[in-house]
Amino acid sequence: MASVSHPNVKYDWYQSESHVVINILVKKVKPENVRVDIIEPKLSCTAKLEDDSDFSLTLNLAHGVQTTQTRWKVLPSKIEIKLSKVECTMWEKLEQLPAVLQRTDEIIKSYPSSKTHKIDWDKLAAQIMKEEASEPLEGDASLNRLFQNIYADGSDETRKAMNKSFFESGGTVLSTSWNEVGSKKVDVKAPDGLEFKKWD
């Protein structure tokens, strides 16, 4: 994972052949208080947090994205940004350079404050991630989480097998066995009762 210069707000990312999804782990943010902009290669997200402070995340993306197809949504435990890749290849890294992530009210120093209660941001981020992992999912969302976990925990051969089988089969086959798919092309497998046809 790329280095983050400020520990207060965490983020992570995952990808498919065609998309990159960035999750910024902030809780109870209002959609109207979030702004996402992309001026390649930079992506920036700014938002007002629940405690009325501001934060900004700036990423120098490692590869090109289709800016007009950028989508984002605010969930109870995170901001999710979905980017469409220009090229259908797996990225080795998200950024060209480390991210700049900071709370604008704590840029250089911690100034005296009338607040006596301090927030443990690492503990809060861990709690949000735990809540997110325990959220019940259904249908495609549940299946996607399963595949993400298999990909994240798998060996290099498992990841290669998943990427190759998914890409070559047009998304109809997902194999975790490199011995099974490594030496041959993976054919498209249409669902039962359907027939695959190429469009001329």
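## A network of salt bridges

Glu80 and Lys78 are joined through their side chains by a salt bridge of 3.6 Å, N to O, a salt bridge being a side-chain nitrogen of Lys or Arg within 4 Å of a carboxyl oxygen of Asp or Glu. Both Glu80 and Lys78 are buried, where buried means under 20% relative accessible area, exposed means over 50% and partly exposed lies in between (1.4 Å probe, protein chains only).

Glu80 also forms a salt bridge with Lys73, with 3.8 Å between the closest N and O atoms, and in this way Lys73, Lys78 and Glu80 are linked in a network. Lys73 counts as partly exposed because its relative accessibility is 43%, whereas Glu80, at 14%, counts as buried.

## Basis of the model

The model is predicted, with local features needing pLDDT of at least 70 and side-chain atom pairs counting only at pLDDT 80 or more, while totals for chains, interfaces and linings use all residues. Residues are numbered from 1 along each chain as its sequence is written, and side-chain values use heavy atoms, with hydrogens and water left out.

The structure holds five salt bridges, and one of them joins Asp156 to Arg159, whose closest N and O atoms are 3.3 Å apart. Asp156 counts as exposed at 58% relative accessibility, while Arg159 counts as partly exposed at 24%.
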